[in-house]
Amino acid sequence: MPSNEPRGFAEAKRRARAYAQNPRKAGHLLTDAINKAYQHRTQLRAIWHDLMSLICMLKALCNGLYRRVPWRALILSLASVVYFLNPFDLAPDFIPGIGYVDDALVLTFVVNSIRKEINQFLQWEQGVE
């Protein structure tokens, strides 16, 4: 992300590196993300498909079923999940109406940055490669 990344994203990227090296720990992170996403699916409606695609790709990586994601894309993906799970990021999640705006912006930026990798995963998942 550019140098004007949201508050907390640099820390999320640092933590993402640790998750990338521990698939079991990353799997727990993804379970937490799925639970939070379903609890707030109304607020996340606009990015739902992209969020679920990103999480599915990461779960397949953690389970060793899929391995074709470059390191940079893996770190950005995990960092966006870490950021999403942080309730005290740029716009705290508990603020009605705007609490998930920054999360959606970060997730959208990351998904757009790694769109090629996500599309390749979705094709692999559907057996269309």
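Helix α4 has buried residues whose cover includes α1 (9-20), α2 (23-39), α3 (48-62), α5 (101-113) and α6 (115-126). Contact here means heavy atoms within 4.5 Å. Helices are DSSP runs (H or I, at least four residues), as are strands (E, at least two), and numbering starts at the N terminus. The model is predicted: local features need pLDDT of at least 70, side-chain atom pairs count only at pLDDT 80 or more, and totals for chains, interfaces and linings use all residues. Residues are numbered from 1 along each chain as its sequence is written, and side-chain values use heavy atoms, with hydrogens and water left out.

Helix α4 spans residues 71-85. Its 15 residues reach 21 Å from the first C-alpha to the last. This is close to the 21 Å expected at 1.5 Å a residue; the expected span is 1.5 Å times one less than the number of residues. Of the 15 residues of α4, 12 are buried, so the helix is largely enclosed by the rest of the structure. Buried means under 20% relative accessible area, exposed over 50%, and partly exposed in between (1.4 Å probe, protein chains only). The buried residues of α4 include the run A73, L74, I75 and L76.

The chain as a whole comes to 6 helices and 0 strands. From the N terminus on, the elements run α-α-α-α-α-α. Of the 129 residues, 43% count as buried. Among contacts with a separation of 6 or more, 68% come from residues 24 or more positions apart. The accessible surface of the chain comes to about 7200 Å². Carbon and sulfur atoms account for 55% of that surface. Areas come from the Shrake-Rupley method with a 1.4 Å probe; for residues, only the protein chains shown count as cover.

The structure holds 2 salt bridges, each defined as a side-chain nitrogen of Lys or Arg within 4 Å of a carboxyl oxygen of Asp or Glu. One joins the side chains of R14 and E11 (2.5 Å, N to O). Both residues lie in helix α1, 3 residues apart, about one turn of the helix. R14 is partly exposed, with a relative accessible area of 49%. E11 is partly exposed as well, at 38%. Another salt bridge joins the side chains of R115 and D50 (3.1 Å, N to O). This pair links distant parts of the chain, with R115 in helix α6 and D50 in helix α3, 65 residues apart. R115 is partly exposed, with a relative accessible area of 28%.
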